[in-house]
Amino acid sequence: MGTSAPTKSIPMVVRFLKRDVTMACGFSVWQRGYHDHIIRNDADYRHIWEYIDTNPAKWREDCYYEGGVM
């Protein structure tokens with residue numbers, strides 16, 4: 001008896017989550033796609049952590065920033 005790879009279930013979970021939230025809101029609040037990534041080693045983890053940790057500080061430099069609350 002085989003098992004499916006975990007990555008095959010991620011898109012299904014995301015699809016159901018998006019569907020349920022969209023139905024509750026009455027309109028879509030989601031971007032068109034997403035990027036998933038398997039963290040393969042400590043250096044990869046640190047790189048991703050650094051991106052997540054510093055990204056909000058760069059919001060004012062983003063072309064979509066309009067001034068508002070952050």
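The model is predicted, so local features need pLDDT of at least 70 and side-chain atom pairs count only at pLDDT 80 or more, while totals for chains, interfaces and linings use all residues. Residues are numbered from 1 along each chain as its sequence is written, and side-chain values use heavy atoms, with hydrogens and water left out.

A pair of aromatic rings is described by the distance of the centres and the angle of the planes. Rings of Phe, Tyr and Trp (its six-membered ring) pair if their centres lie within 6.5 Å; planes under 30 degrees apart count as stacked, over 60 as edge-to-face and the rest as tilted. A search of the whole structure gives 2 aromatic pairs. Tyr45 and Trp49 make a stacked pair, with 6.4 Å centre to centre and 20 degrees between the planes. These two residues are 4 residues apart in helix α2 (residues 42–54), so about one helical turn separates Tyr45 and Trp49. Helices (H or I, at least four residues) and strands (E, at least two) are DSSP runs, numbered from the N terminus.

Trp59 and Tyr65 form an edge-to-face pair, at 5.8 Å centre to centre and 90 degrees between the planes. For accessibility, buried means under 20% relative accessible area, exposed over 50%, and partly exposed in between (1.4 Å probe, protein chains only). Trp59 has 31% relative accessibility and therefore counts as partly exposed; Tyr65, at 21%, also counts as partly exposed.

Another ring has a charge over its face: Arg15 lies over Phe16, at 5.7 Å from the ring centre. The criterion is that NZ of Lys or CZ of Arg is within 6 Å of the ring centre and within 35 degrees of the ring normal.

Ile39 lies in the loop between α1 (6–25) and α2. Leaving aside neighbours within four places in sequence, Ile39 is in contact (heavy atoms within 4.5 Å) with Asp44, Tyr45 and Ile48. Asp44 lies in helix α2. Asp44 is buried yet has no salt bridge, and the nearest side chain of opposite charge, Arg40, is 5.8 Å away. A salt bridge is a side-chain nitrogen of Lys or Arg within 4 Å of a carboxyl oxygen of Asp or Glu; Lys and Arg count as positive, Asp and Glu as negative, and His and the chain ends are not counted.

The structure holds 0 disulfides, a disulfide being a pair of cysteine sulfur atoms within 2.5 Å. Cys25 is partly exposed, at 38% relative accessible area, whereas Cys63 is exposed, at 67%.
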